[in-house]
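The following paragraphs guide a reader who is new to this structure.

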Amino acid sequence: MQTYPPPPMPDWISAQMPQPARRYLAKTGEWHMHVMEFGDGYPVLMLHGNPAWGFLYRKIISALADEPLRIIVPDLIGLGFSDKPQDLRAHQLDAHAAWLGSLLDQLALEQLIFVGQDWGGPVGMRALADRPSLMRGAVILNTVLGPPREGFKPTAFHRFARQPLLSELAFRVLGFPQRDLGRAQGDPASIRGEVSRAYRYPLRGLRRNAAPLAMARMVPDSLEHPSVPALRRVAEYAAAFRGPAEIVWGLKDPVLGRALKRQRELLPQARVTETQGGHFLQEEVPDEIAASVRRVWAQLRSA
């Protein structure tokens, strides 16, 4: 696998991250994807969503530091320290899955545990659906693993993302939603200060912040939306998966808190841990998530 030097990470962000980390860029199609790796052993792929980056998983990584696990944490293209296409149309679910799939092929893994939240869930599952023997266990966090049902209504957040001019002003000029992540939490104080600043830093300026708006618009507003066929493939793959699975859910999530029932239906074998966390539950309930990873890993070891 050919890798490239990563962009510099400010010391004040590095000080918040688990150490040591292996950081590199991987060429995935026309874009470079930023990847962090921690530890050695059984591969665990942890994938974030919009508008976060791998920083979101730092507490879980620290909690698993004593386990023989190789934790692989990419930044989705457009977010974190990965390349940032300025054309909003570049951001499609199938495109993100192809970029991630390119990384997986280069890593040449034979098996992994998948952990996904927000867009990380369907992006990861769509890439894995094309590599069906790779995922042996899964830990699912506040995400959606399938298309909407007939008669659905988009959330207020996603309706707003399609408002001409207003959404461009809010997302591109005012830095929404990364400036207000605490509002999506069970405890708003869980994202503030240097933590909040670390989420904002990679998206500073108009040349770097196209992805949050583009990825908000990736969410279907009808059953004819371009994301729907890929989401159907994700649902088929999830429903066919028979390996160990766990769901950890933040019930205080104003965006996806009510989506738990559908994920239970797709993964009926999954042990479910309900929490009072919000959308970015990795910040609020890292120990519960780490415990789920350990249980899935234990089942794979004993199989």
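A helix axis is here a line fitted to C-alpha atoms over the stretch in contact, and the angle between two axes, from 0 to 180 degrees, is taken between their N-to-C directions. The model to which this applies is a predicted one. In it, helix 4 and helix 9 (residues 227-240) pack with their axes 9 Å apart, at an angle of about 70 degrees. Angles of 65 to 115 degrees count as roughly perpendicular, and helix 4 is therefore roughly perpendicular to helix 9. On the side of helix 4, the residues in contact are Pro122, Met125, Arg126, Leu128 and Ala129; they meet Ala230, Leu231, Arg233, Val234, Tyr237 and Ala238 in helix 9.

Helix 4 (residues 120-129) also packs against helix 3: the two axes come within 8 Å and cross at roughly 60 degrees. That angle makes helix 3 oblique to helix 4. The crossing of helix 3 past helix 4 is right-handed. Helix 3 contributes Leu93, Asp94, His96, Ala97, Leu100, Gly101 and Leu104, which meet Pro122, Val123, Gly124, Arg126, Ala127 and Leu128 of helix 4.

Is helix 8 enclosed by the rest of the structure, or open? Seven of the eight residues of helix 8 (residues 210-217) are buried, so this helix is largely enclosed by the rest of the structure. The buried residues are Ala210, Ala211, Pro212, Leu213, Ala214, Met215 and Ala216. Among the elements that cover them are helix 3 (93-107), helix 5 (156-160) and helix 6 (166-173).

Leaving aside residues up to four places away in sequence, asparagine 50 touches Leu79, Asp118, Trp119, Ala211, Pro212, Met215, Ala216 and Phe280. Between the C-alpha atoms of asparagine 50 and leucine 100, which are 50 residues apart along the chain, the separation is 15 Å.

The aromatic rings complete the picture. A pair of aromatic rings is described by the distance of the centres and the angle of the planes. The structure has 11 aromatic pairs. One of them joins tyrosine 42 and tryptophan 297 in a tilted arrangement, 5.0 Å centre to centre and with 45 degrees between the planes. Since tyrosine 42 lies in strand 4 (residues 42-47) and tryptophan 297 in helix 11 (residues 286-302), this pair ties together parts that are 255 residues apart in sequence. Both tyrosine 42 and tryptophan 297 are buried.

Phenylalanine 160 and phenylalanine 171 form a stacked pair, 6.4 Å centre to centre and with 25 degrees between the planes. Phenylalanine 160 belongs to helix 5 and phenylalanine 171 to helix 6, so the pair ties together parts that are 11 residues apart in sequence. Phenylalanine 160 is partly exposed, at a relative accessible area of 29%, whereas phenylalanine 171 is buried, at 0%.

Ring pairs also link Trp12, Trp53, Phe55, Phe81, Tyr199 and Tyr201 into a cluster. Arginine 23 lies over the face of phenylalanine 81, at 5.6 Å from the ring centre, while the charged end of arginine 58 sits over the ring of phenylalanine 55, 4.0 Å from its centre.

Terms used. Residues are numbered from 1 along each chain as its sequence is written. This is a predicted model: local features need pLDDT of at least 70, side-chain atom pairs count only at pLDDT 80 or more; totals for chains, interfaces and linings use all residues. Side-chain values use heavy atoms; hydrogens and water are left out. Buried means under 20% relative accessible area, exposed over 50%, partly exposed in between (1.4 Å probe, protein chains only). Helices (H or I, at least four residues) and strands (E, at least two) are DSSP runs, numbered from the N terminus. Contact means heavy atoms within 4.5 Å. Rings of Phe, Tyr and Trp (its six-membered ring) pair if their centres lie within 6.5 Å; planes under 30 degrees apart count as stacked, over 60 as edge-to-face and the rest as tilted. A charge sits over a ring if NZ of Lys or CZ of Arg is within 6 Å of the ring centre and within 35 degrees of the ring normal. Angles under 35 degrees count as roughly parallel, over 145 as roughly antiparallel, 65 to 115 as roughly perpendicular and the rest as oblique. A crossing is left-handed if the near helix is turned anticlockwise from the far one by less than a right angle, and right-handed if clockwise.
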